[in-house]
Amino acid sequence: MLLTPRLAAFDMDGTLLNEQSQMADATKEACRALQEQGCKLVLSTGRTYGSALIPVDSFPFDGYVCSNGATVYEADGTMVHRTILPKDMVIGAIHALRKEAIYYELHDTASNRLMVKEDRERLEALVEEDTSVEGISMRRFAFYKLARVVPLAELLDMVQSGESEVVKLFIWHNSPERLEWVREQLEPWSNRSSITTSGKHNVEVIPHGVSKWEGLRYFCSKWGITPDQVMAFGDAENDREALTEVGYSVAMENASPAIKELARYVAAHHNEDGVARFIRDHVLGHT
């Protein structure tokens with residue numbers, strides 16, 4: 001029996017996108033066919049709105065849940081919802097994370113990915129000396145190239161004045177032990193924020209009560225769609241709430257065992273057109 005979703009929500013990295021961070025032609029074709037059947041398509045990502053648009057190459061999604069649900073956008077890019085992190089928490093977290101040379105970014109409602117200039121320079125000095133897999137992978141990541149660098153004093157002023165409304169902190173490191181240190185540093189604000197992850201090498205801090213599912217509920221309400229009519233694709237911890245709540249939950253083959261366990265279906269690997277193949281086989285009814 002074919003599945004009949006009225007809304008399909010897609011995580012991006014490790015799910016909709018291949019290893020080159022591209023939305024493959026086969027995926028575009030399957031999504032277009034799904035849309036032609038009357039199903040609404042929503043990107044559901046940890047990325048900012050600006051960085052979510054880059055790899056999908058103008059594909060006409062019907063809505064966007066970004067920064068793990070902290071921001072929600074209509075199809076035309078109009079922001080209809082935002083939840084920001086408390087200013088004092090962001091400033092305190094910056095000071096805490098600066099104790100070590102570690103990669104972190106601040107994501108705001110203007111889709112800026114902000115880095116402290118002094119910390120970037122300190123990190124670059126280490127990365128240039130580092131010929132390990134960690135150093136090479138750091139230079140390879142798109143986020144390392146796209147961040148906007150701001151002097152510490154200026155960045156703190158941007159946050160304090162409200163010029164920059166921060167919705168997410170993104171911290172990356174290859175070592176689980178260092179990420180555990182990060183979690184310890186952020187513990188003082190655990191009652192005012194939530195920690196999640198979009199992969200085994202990062203920690204993402206978002207406002208308390210925010211999730212991709214909470215963002216998707218806006219579109220369910222707008223279009224009169226019930227949770228059991230929603231299909232969600234994901235591969236990581238930040239997809240947990242969405243995969244738990246929807247009627248058609250689909251984990252990727254490359255997802256962690258815990259995420260695959262809670263999903264109703266498992267799609268092929270994200271680098272093997274897993275989303276496209278699942279849609280063709282289980283919704284459209286052809287290969």
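Colleague: Is serine 67 buried or exposed?

Modeller: In this predicted model, serine 67 is buried, with a relative accessible area of 1%. Serine 67 sits in the loop between β3 and β4 (71-74).

Colleague: What about the phi of serine 67?

Modeller: Serine 67 has a positive phi of about 50°, although it is not a glycine. Aspartate 57, also not a glycine, has a positive phi of about 55°.

Colleague: Where does aspartate 57 lie, and is it buried or exposed?

Modeller: Aspartate 57 belongs to the loop between α3 (49-56) and β3 (63-66). Aspartate 57 is exposed, at a relative accessible area of 53%.

Colleague: Changing topic: how many aromatic pairs are found in the whole structure?

Modeller: The search finds 10 aromatic pairs. In one of them, phenylalanine 219 and tryptophan 223 have ring centres 5.1 Å apart and planes at 25°, so this pair is stacked.

Colleague: Where do phenylalanine 219 and tryptophan 223 lie?

Modeller: Both are in helix α10 (residues 212-223), 4 residues apart, which is about one turn of the helix. Phenylalanine 219 is buried at 0% relative accessibility, and tryptophan 223 counts as buried at 18%, because buried means under 20%.

Colleague: And how are the rings of phenylalanine 233 and phenylalanine 278 arranged?

Modeller: Their centres are 5.6 Å apart and their planes at 90°, so the pair is edge-to-face. The pair links distant parts of the chain, with phenylalanine 233 in strand β12 (residues 230-234) and phenylalanine 278 in helix α13 (residues 274-284), 45 residues apart. Phenylalanine 233 and phenylalanine 278 are both buried.

Colleague: Which residues form one aromatic cluster with Phe233 and Phe278?

Modeller: The cluster also holds Phe10, Tyr49, Phe59, Phe61, Tyr64, Tyr73 and Tyr265.

Definitions and conventions:
Residues are numbered from 1 along each chain as its sequence is written. This is a predicted model: local features need pLDDT of at least 70, side-chain atom pairs count only at pLDDT 80 or more; totals for chains, interfaces and linings use all residues. Side-chain values use heavy atoms; hydrogens and water are left out. Helices (H or I, at least four residues) and strands (E, at least two) are DSSP runs, numbered from the N terminus. Buried means under 20% relative accessible area, exposed over 50%, partly exposed in between (1.4 Å probe, protein chains only). Rings of Phe, Tyr and Trp (its six-membered ring) pair if their centres lie within 6.5 Å; planes under 30 degrees apart count as stacked, over 60 as edge-to-face and the rest as tilted.
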